[in-house]
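Trainee: Can we walk through this one together? I'd like to start with how the terms work.

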Amino acid sequence: MHSPMRNAAMSLLLLVLVGCGDQRPVPPLELAQSPPPVVAEFRTTVESAQGGKTLSQWRFWRSHDRIERENPAAQTGDLWVRDDRTLFHTRLYHADRRGIEYRSEDLQILNASPDWTALSTLLDPRLIGALREREHGWRDGYPYRRYTGEVGDVAWDITVRTDSMLPTRIERRGADRQVETVELLRSFEFGESPWQPTASADYAILDYADLGDHERDPFVMRVQAGEGGGHLHGHAH
Amino acid sequence: MKSHSRISLVVAASLTVLGGASAPALADNASAASVPTSGAEWFRAGRSAVEANKLVNRELNTRRAKNVILFVGDGMGVSTVTAARILDGQQRGVDGEWNRLSFENFSDLALSVTASANQQTSDSAPTATAMVAGIKTNDGAISVDQSITRGEFCAEVTRAKKVKTIMERAEARGMSTGVVSTARITHATPAVNYAHISNRDWEADSSIDRDLGATVLPSGCTKVKDIAAQLVDFSVGNGLEVALGGGRPYFEPNTKADPEYPTRMGRRTDGRDLTAEWAAKPRAAYVWNKAQFDAVDPRRTKRLLGLFEPSHVKYEADRANDTAGEPSVADMTRKAIEMLQNNPKGFYLMVEGGRIDHAHHAGNAYRALTDTIALAEAVKVAREMTDDKDTLIIVTADHSHTMSIAGYPSRGNPILGKTDAGLDLLAKDSLGLPYTTLGYLNGPAGWTGNGSRREFDPVTEFVTAEIPFSGERPDLTDVDTTNPNYLQESAIPTAGAETHAGEEVAIYANGPRSYLVRGTLEQNAIYHVMANALGL
Ligand SMILES: [Zn+2]
């Protein structure tokens, strides 16, 4: 009875709030908090000083203990699973229906020391801590905060949606004048995206430690040579 | 009292008479701490080593062996042993170059030629087959001869090509047998003991099915059984008594969650739960963590299967961080010998340090060396628990790796450090850059300035472009190369892994018939030494 009326009132209130967004407090960026499940699509652009430009588009699924990303054009993906203190990372090669799995200690050896917060938010807390907050507010109905600054030879400009804890834009400008940009194209609540990660449950998964003993495996030979499905630790673009 | 202790006492006494330093030939490494400091002392130490060798009891060595223990350091080439010996000494605060690992004091030594029937530089399947079955065979072959095609699905063809292993001969005679590994227990080196299959990768039935695809087997052919199933179904004699290592999902159905990491499922599609089948055998136990392992009473338990990780057991350097806890290779060796010693007819045991190889493949000398030291500790335990009079112990490697010890570092320079040039100066290459003493001919770290490592950076992963080849070596001046996670540089960059190397590896032997280990032997002679010692 009165619920439609209440909804209308809420809508009106929301309209007013969106209309004068900076009146509302912007939630702080709390990277230590567990981020909400989300599905998103990003675009990475790399522009070199010479004017060359490369593009890639990739998708991202985040739930509590599982992060998956996929580059549909390259047919590659990464799966991160957190199991108590142990982290498993699988690099997926969809065209081959194969994967290479890394355990925490393999990643340590590769000097990767993955940080779940950084993996799940695409933001390195140490980096954010080293930058200065330049502005905050509301855009398209979402709260955001923007951080800028220089770390070493690199100039950073990062805008983060504080509700979904996802960057809407990361710009990295190197000393070589190469500009790398990651932009959020769209995001969905988990389970409401139009796409699902490619099913990989029945792939042949090779332990990273076994790579060296598969010298005649055509897939491994391509990986060793840095061909096919991109580099072993290839990029999203 | 163990006979080797007696020999050591005799040697020690004779050395006192000679007035020399302790002799590396037979003294254990704990007593080898004093390095000669003058020409006269070096001379006496050299002579003492020869005097000690004269005291080796040849009579003792011509007896038959009751027990044989074969230790295999996977990828433990001679440079690995040298570097591990130095690291072990330096970690214990003694002279690393003078230090000896436990097995380096064995009485006999030979070189092992590791080329396989079709490989100049081999993988672990034919090399392990050579050691336990006495023949050379092709890449990927698990105790089947070279006439088989890699990927032969037919069980009947496989049966016709199989070669009897030392474990099967020992079981047939009523001895007890076991296999211990820090790799998956279905991995090539342990598998050659109990399995016969044309492809080392067929560790679970799902792997065979994936390769088989839509292929229809010819009439009269049944599908070969996977390696894990061959372990649990192994029935020569009364079946093997002890199997300890990693590889749980290869034994469990794909409907069952892993007990330690519940997000992971088994890899079997035939519905068999091999761990449950093992546990159902009379007086058998299946364990998957350290607490369960420690609780196993070796006098009451007749059969023990221990699977401590979904894949390989952790590196020794990382073992303390394991979720459910894991025994060390020395712990597993001790438990295995305690169980196998229950049989008065004797035992055969293989112990593999399986991850020396993996760390080298990753280009990480630290973990390769610390796993070598852990294997040496297991050898020490085995020697303490057995008698030189009746137990032949062989320590060897299946193949080498490309790690080398280069430059002219001073004696005592940290083996994981940068090569010094004396007077607190670092040696420099032609670019004016310092370099590490340990390095690889090929491998993932390359001379690309460790570019590949940045790609994992959680932020830059999504941002960086291709990291271009700089064509220059990295400047290591401010890099701590002794960090356990440091990757040594390699001359030839590979995207994935460093490779095996083709030179000889050493065979160290002690106990009955150990004198048969001499000269430059083809690797398959190791089987024949063990068979001769056991009278098989
Ligand atoms: Zn290997």
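Mentor: Two strands pair if DSSP finds at least two bridges between them. Helices (H or I, at least four residues) and strands (E, at least two) are DSSP runs, numbered from the N terminus. This is a predicted model: local features need pLDDT of at least 70, side-chain atom pairs count only at pLDDT 80 or more, while totals for chains, interfaces and linings use all residues. Residues are numbered from 1 along each chain as its sequence is written, chains are lettered from A and ligands numbered from 1 in the order in which they are written, and side-chain values use heavy atoms, with hydrogens and water left out.

Trainee: Ok. In what order do the strands of the 10-strand sheet in chain B run?

Mentor: The order is 5-6-4-3-7-1-8-14-2-15 in chain B. The sheet is open, and its pairing is mixed.

Trainee: Which strands stand at the edges?

Mentor: Strand 5 (284-287) and strand 15 (520-522) of chain B. Each has a single partner strand, so one side of each is left without a neighbour in the sheet.

Trainee: How does strand 2 of chain B pair with strand 15 of chain B, parallel or antiparallel?

Mentor: Parallel, over 3 bridges. Strand 2 covers residues 108-113 of chain B. Val113(B) has Glu522(B), in strand 15 of chain B, as its bridge partner.

Trainee: Which strands of the sheet does helix 15 of chain B touch?

Mentor: Helix 15 of chain B packs on strand 1, strand 7, strand 8 and strand 14 (505-510) of chain B. Its direction makes about 170° with that of strand 1 of chain B. Contact means heavy atoms within 4.5 Å. Axes are lines fitted to C-alpha atoms, for helices over the stretch in contact, and angles run from 0 to 180 degrees between N-to-C directions.

Trainee: And at what angle do helix 4 and helix 15 of chain B pack?

Mentor: About 80°, with their axes 9 Å apart. Helix 4 spans residues 78-91 and helix 15 spans residues 365-385, both of chain B. They are therefore roughly perpendicular to each other. Angles under 35 degrees count as roughly parallel, over 145 as roughly antiparallel, 65 to 115 as roughly perpendicular and the rest as oblique. The contact includes Leu87(B) of helix 4 and Leu369(B) of helix 15.

Trainee: What about helix 14 and helix 15 of chain B?

Mentor: Those pack at about 170°, with axes 8 Å apart. They are therefore roughly antiparallel. Among the residues in that contact are Ile356(B) of helix 14 and Leu375(B) of helix 15.

Trainee: Switching topic. Which residues are the protein donors of the zinc ion?

Mentor: Asp213(A), Asp357(B), His361(B) and His500(B). Donors are N, O and S atoms within 2.8 Å of the metal (3.2 Å for Na, K and Ca); water is not among the atoms, so sites may look incomplete.

Trainee: Are His361(B) and His500(B) buried or exposed?

Mentor: Both are buried. Buried means under 20% relative accessible area, exposed over 50%, partly exposed in between (1.4 Å probe, protein chains only).

Trainee: Last one. How many helices and strands are in each chain?

Mentor: Chain A has 5 helices and 12 strands. Chain B has 17 helices and 15 strands. Buried residues make up 50% of the 237 residues in chain A, and 62% of the 536 in chain B.
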